[in-house]
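Hello,

Here is the structure we talked about. Please open it first, then read my notes below.

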Amino acid sequence: MSHKMESVTNVMEYEILAKERLPKMIYDYYASGAEDQWTLQENRNAFSRILFRPRILVDVSNIDTTTSVLGFKISMPIMVAPTAMQKMAHPEGEYATARATSAAGTIMTLSSWGTSSVEEVASTGPGIRFFQLYVYKDRNVVMQLVKRAERAGFKAIALTVDTPRLGRREADIKNRFVLPPNLSLKNFEGLDLGKIDKTDDSGLASYVAGQVDRSLSWKDVKWLKTITHLPILLKGVLTAEDARLAVESGAAGIIVSNHGARQLDYAPATVMALEEVVKAVQGRLPVFLDGGIRRGTDVFKALALGASGVFIGRPVVFSLAVDGEAGVRKVLQMLHDEFELTMALSGCRSIKEISRSHITTPWDSPRVTPRL
């Protein structure tokens, strides 16, 4: 490990180091959001408007960060979100991420657009893994992919529901983003869908326009349930209305996500949409959050608002770029340690003790102070 790595003390520092290290086209692809990038900023800023109501003089000599997700016990409610094309960040790509996530005792979600296949990721050894799915126009491709994920031991499907078309990411248009020629979308290689060609737009936007199904609707969620026994998480829900429809559709869970602010700009920060979704599902299924998680305090705030866990995306690719497997391991360790400290300083010894009364938000009604 270089001296620089030893001095990394928080998640944000990896982004600065990654920017120095990566080619501009690749850094921009990972870092940018849609259009004005208002939602990109807001995903972070929204957390700063939520404050703590710490409870004191609680015996916090033992803190338990463990939790269960879809019946799988994990070390902490912090999981790895699906991020595409990780070999652009580091030669070991998804292999390194899989090993680091498994070592941390938590769940990795592999992107459909990984530069490593479901079989390759499974070959890294044991670990609980989910598979993120894009629905292609060719449903045979989808069926094959889901079957392969099942055979490779993946435990759930995270169906992305916010991408009938790719958001307008202007850096990718300017850079004419293309997957470097030595890499391919490994899950699609044998299906002749593994290459992203250079176009006068973002190469990825052109690929999506050609391959991904814009007609995707609730009936396709039902269809997906008929072809797999794996639980289906819907990734990209932001409203109470869709949360209720998700329950009716038989989804096993919801990921409140705005796709890392890469799809619809001026969508709310995920932490602002979270409580609406949590209230709508009325405990009938677990609700998770991704977008803007950079500190253990962010994780605690999401859980206090009713999330069962969070997923991290960009921190994984940036730490991967800087220090490979060890970088991803360090990001997961730092978030674990910060989260554990936040629990202790808030007076919570276990995940179930984290409650809505441990935070205050701008939309809270004024508290009536009990008379003594």
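How many positive and negative side chains does the protein have, and how far apart do the centres of the two sets lie? There are 46 positive and 41 negative side chains, and the two centres lie 3 Å apart. Lys and Arg count as positive, Asp and Glu as negative; His and the chain ends are not counted. Each charge is placed at NZ of Lys, CZ of Arg, CG of Asp or CD of Glu.

Some ground rules. This is a predicted model: local features need pLDDT of at least 70, side-chain atom pairs count only at pLDDT 80 or more, and totals for chains, interfaces and linings use all residues. Residues are numbered from 1 along each chain as its sequence is written, and side-chain values use heavy atoms, without hydrogens or water.

Now the overall picture. The protein has 14 helices and twelve strands (DSSP runs, numbered from the N terminus: helices are H or I with at least four residues, strands E with at least two). Its C-alpha atoms fill a box of roughly 70 × 55 × 40 Å along the principal axes. Buried residues make up 57% of the 372 (buried means under 20% relative accessible area, with a 1.4 Å probe and protein chains only).

Strand β8 (residues 232–237) runs parallel to β9, and four bridges join them (strands pair if DSSP finds at least two bridges). Val237 stands opposite Val256 in β9. Both faces of β9 (residues 253–256) are covered. Gly253 and Ile255 are buried on one side, Ile254 and Val256 on the other. In a regular strand, side chains alternate between the two faces of the sheet.

Best wishes

Definitions and conventions. Buried < 20%, exposed > 50% of the residue type's maximum accessible area, 1.4 Å probe, protein only.
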